[in-house]
Amino acid sequence: AWFTAQRKGMVRLWLLALAIATAAKLGRTSDPCYDHQKLNYTTQFEPSECSTTCTVTPFFSPDTSVEAYIALIESAQTTIDIFTPDFDSWGSCTDHTGTCGGACIGCTLQDQRNETFPVFTGLLNAVHERNISVRLLTNDYYVPTCQGKITPLDWLVLNGIQVGLYTTTTFLHAKFMTVDSGRRTLVSSVNYSKTSFTKNREAGVIIDNCSCSAIDFYQQVFAYDWAQSISYVVNTNYTASQLAYIKDPSILPYALPSYYKVNGAYVAPFASYDGVTVQLAYTAPDYAYDTVMKGLLATTSSLQVMIYEITNAAMCNATLDLFNAGKNVTLLVSSNILNYEELILARACYNMLYNNGLKGHIRKTNTGFQFSHQKFWIIDNTAVHLSTGNWSPDDFPVGTFFPPYKKSSVSTFRDMLVVVESPDIVHAFQNVFDGDWAIGTDWVPTP
């Protein structure tokens, strides 16, 4: 009953744009170089509910993400486990052309030792000062280290940090850290790049004082993916004196970067809140699409989405369905999107929504942020849904069986998600949404 003739026409245009962009995407002549999936993956991690309250600390780039990550690392007493899509230098040690493959990378040993990325230094200090066991899982982009040079991952491995290369599905997209076997857990949109920490808008939470199955759930996902991973091997030879220099256990000083200011932007405080219900923990691709759609369909009054991009046709149409059902729907999306194919898909979604009644309900974020890369949505002013992935077919694929890209030509991402309920947490995320909405600009259809 909600589908008018106009909407049907616009949906056809949206599906046509989707088909064109998908065809271009699937037209790649080879498997993405970061894909090392060999085995079929079948969903096995069902969403985990939590029946107890926890302490939750929201954080946001460019305001407090560095502070949050360093606080978590420095709190570790025994272990640190990390999911990250990449590990970039904040200097020149990972400069390369293209996303993956191609020329070798690296920098001098002195430059790497003087690395300014606080997470890099914090992890080394955790190993040398407190004997913390660190495991880091990331993607393999087939970019070798130049002989005589070194990269952050090389340095970490040579200092006893275990680094694994992801193989479970096409791509590890999760941004996640847990310390002391789940005593404290972090889920966020923050990549390990200087831009993500200091110039983007990003969002995340640290979950603490939480004894429930949801925290065990995250550990189980990490353990499974770690067991499937391939050990990172340093491919460059170093002399004995160079190795002694690299492995020097002296505690390294580091400074937090200066705060990057976006004119008029709301600056979020770094504060913790007790009595927060962690309603749900889940992972993509395992039942994630169904779980998100179930949450959207249960909306009774309002949906506010602040996200990098929406490129999933079903999620875009579900958003319109909510609006047509009388729900208050507002979208705040990134002004900048890096990938052109994704940009075309996102525009098609926003144009369709705009032309079917959501004029004035969609805004682009302020261009002072390099990217607005956060991924959260607030339902009925009672629950914050936080994701490491966008509303895209890669992050939320349909189904329960995911063969390697080589067999299906369909990519499948690993992501982490959490749903929290608390007036304090809703207020913290609402303030960021409202502040960035106020300095954003209305979405106007683009060809």
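Contact here means that heavy atoms lie within 4.5 Å. The model is predicted.

Start with T138, which sits in strand β5. Its contacts, leaving aside residues up to four places away in sequence, are T84, P85, D86, L153, V163, G164, L165, Y166 and L172. Is T138 buried or exposed? Its relative accessibility is 1%, so T138 counts as buried. The cut-off for buried is under 20% relative accessible area. Two of its neighbours also make polar contacts with the T138 side chain. The backbone oxygen of T84 is reached at 2.8 Å. The backbone nitrogen of D86 lies 3.4 Å from a polar atom of that side chain.

Strand β5 leads on to helix α4, because β5 (133–138) is among the elements that cover the buried residues of α4. The others named include α2 (65–75), β4 (79–83), α3 (109–113), α5 (152–158) and α6 (194–198). How many of the 13 residues of α4 are buried? The count is 10, so the helix is largely enclosed by the rest of the structure. The buried residues are P118, V119, F120, T121, G122, L123, L124, N125, A126 and V127.

Helix α4 covers residues 118–130. At 1.5 Å a residue, its 13 residues should span 18 Å. The end C-alpha atoms are 17 Å apart, which agrees. Just after α4 comes N131, with a positive phi of about 60°.

Now move to the loop between β5 and α5, where Q147 lies. Q147 has a relative accessible area of 54%, so this residue is exposed. Exposed requires over 50%. Beyond residues up to four places away in sequence, Q147 touches N235, T236 and N237. Its side chain reaches the backbone oxygen of N235 at 3.2 Å. S65 is 82 residues from Q147 in sequence, and their C-alpha atoms are 34 Å apart in space.

Finally, look at a pair of helices. Two packed helices are described by the angle between their axes and the distance between the axes. Helix α9 spans residues 288–297 and helix α10 spans residues 313–324. Their axes come within 10 Å and cross at roughly 10°. That makes α9 roughly parallel to α10, because angles under 35 degrees count as roughly parallel. Which residues make the contact? From α9 come Y289, V292, M293 and L296. From α10 come A314, M315, A318 and L322. The residues of this contact divide into eight nonpolar, no polar and no charged. An α-helix has 3.6 residues a turn, so residues three or four places apart point the same way.

Conventions. Residues numbered from 1 in each chain as written. Predicted model: local features only at pLDDT ≥ 70, side-chain atom pairs only at ≥ 80, totals over all residues. Heavy atoms only, no water. Axes fitted to C-alpha atoms, helices over the stretch in contact; angles between N-to-C directions. Helix = DSSP H or I, 4+ residues; strand = E, 2+ residues; numbered from the N terminus. Parallel < 35°, antiparallel > 145°, perpendicular 65-115°, else oblique. Nonpolar A, V, L, I, M, F, W, Y, C, P; charged D, E, K, R; others polar. Expected span 1.5 Å × (residues − 1). Buried < 20%, exposed > 50% of the residue type's maximum accessible area, 1.4 Å probe, protein only. Polar contact = N/O pair within 3.5 Å; in protein donor to acceptor, adjacent residues only side chain to side chain.
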